[in-house]
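Open the model in your viewer and keep the selection tool at hand. This tour tells you what to select next and what is there.

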Amino acid sequence: MRYVLLHAGAHLRDMVRVPMYWVPGLLFPMLFFLLFGLSSAHQLARQGLGSEYVVTPFLLFTTLNVTLISLSAGVAADRENPWEQRLRLLPIAVLTRFLGRLLYVLVFNVVSWLPLLVVAGLATDLKLPVAIWPLWLGVVVVGAIPFGLLGMALGYRLPAPAAAMVCNIVFLILAFCGGLLVPAEMLPGAVQAVTPYLPTHEYLHLVLSTIGRADQITSPPWMIGLLAAWTVLFALVARDGYRRDEGVRYG
């Protein structure tokens, strides 16, 4: 665990040195919510519902965006960095490096939520009790793990110029078909048939079910089992990509 924290701390220090990355990362969730979510939150308030119904998809949307793109682009760029060759000579397990990267991105996600949550708390009717917030945000963090592994899997298989572009396409497909951009019942019939099997859809339902805000009752074993299966699949693909890259570069 010590080496995981050291890896995560090194990535965080490296990020802090690049304000062009973390400043927009802090402002983007808040601005996105002001532009597209504030009016929906006010409509829900007129119906007697809390804005957590709107804030939660925005939290997931921004979390997946940061997680997928940061890890895919970061891994792809690091593969072309000479320092990566020295890191691979260290007697550290692959899992340690994976967890370090993942922890760094998840911590940054939590920090990036702060402006959004402050605006939502001040400008909307957020009915979710503060005592439940740690559970609410904790499930968002844990549910992002499979998508972090997917980002690393893409980063180890794609060159740096293509990683961010391909990851953006994958992210938008998962967000749209999973019901993060529009409710699942408003999607085309062919897409609705696939939606229940996508990790983004079950991720959203898991978070809403945890705080008692899910409109549709989904079996908890199904949600957790499906997310666990996607996690294992993405982890295996990421590990295979790491070993493939290691074989190509170092024989």
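This is a predicted model: local features need pLDDT of at least 70, side-chain atom pairs count only at pLDDT 80 or more; totals for chains, interfaces and linings use all residues.

Residues are numbered from 1 along each chain as its sequence is written, and side-chain values use heavy atoms, with hydrogens and water left out.

**Stop 1: aromatic rings**

A search of the whole structure finds eleven aromatic pairs. Rings of Phe, Tyr and Trp (its six-membered ring) pair if their centres lie within 6.5 Å; planes under 30 degrees apart count as stacked, over 60 as edge-to-face and the rest as tilted.

Select Phe32 and Phe61. Their rings are stacked, 5.1 Å centre to centre with 5° between the planes. Phe32 lies in helix H2 (residues 19-36) and Phe61 in helix H4 (residues 52-79), so the pair ties together parts that are 29 residues apart in sequence. Helices here are DSSP runs (H or I, at least four residues), numbered from the N terminus.

Is Phe61 buried or exposed? Phe61 counts as buried, at 8% relative accessibility. Buried means under 20% relative accessible area, exposed over 50%, and partly exposed in between (1.4 Å probe, protein chains only).

Now widen the selection. Ring pairs link Phe28, Phe32, Phe33, Phe36, Phe58, Phe61 and Phe171 into a cluster.

**Stop 2**

Select Trp133 and Trp136. Both lie in helix H7 (residues 133-143), three residues apart, about one turn of the helix.

Leu137 is buried, at 17% relative accessibility. Leaving out residues up to four places away in sequence, Leu137 touches Leu59, Trp113 and Leu117; contact means heavy atoms within 4.5 Å. Next, draw a line from Leu137 to Ile211. These residues are 74 apart along the chain, and their C-alpha atoms are separated by 10 Å.

**Stop 3: H2 against H3**

Show H2 and helix H3 (residues 38-46). They pack at an angle of about 55°, with their axes 4 Å apart. Axes are lines fitted to C-alpha atoms, for helices over the stretch in contact, and angles run from 0 to 180 degrees between N-to-C directions. That makes H2 oblique to H3: angles under 35 degrees count as roughly parallel, over 145 as roughly antiparallel, 65 to 115 as roughly perpendicular and the rest as oblique.

Which residues make the contact? Phe33, Leu34 and Phe36 come from H2, and Leu38, Ser40 and Ala41 from H3.

**Stop 4: helix H8**

Select residues 145-157, helix H8. Eleven of its 13 residues are buried, so H8 is largely enclosed by the rest of the structure. Among the buried residues are Phe147, Leu150, Met152 and Tyr156.

**Stop 5**

Pick Glu52, in helix H4. At 1% relative accessibility, Glu52 counts as buried. A polar atom of its side chain lies 3.5 Å from the backbone nitrogen of Leu128. Beyond its neighbours within four places in sequence, Glu52 has contacts including Pro57, Asp125 and Arg213.

Finish at His205, in helix H11 (residues 199-210). His205 is buried, with a relative accessible area of 10%. Met223 is 18 residues away along the chain, and the two C-alpha atoms are separated by 7.7 Å.

Key. Helices (H or I, at least four residues) and strands (E, at least two) are DSSP runs, numbered from the N terminus. The expected span of a helix is 1.5 Å times one less than its number of residues. A polar contact is a pair of N or O atoms within 3.5 Å; within protein, one must be able to donate a hydrogen and the other to accept it, and residues adjacent in sequence count only if both atoms are side-chain atoms.
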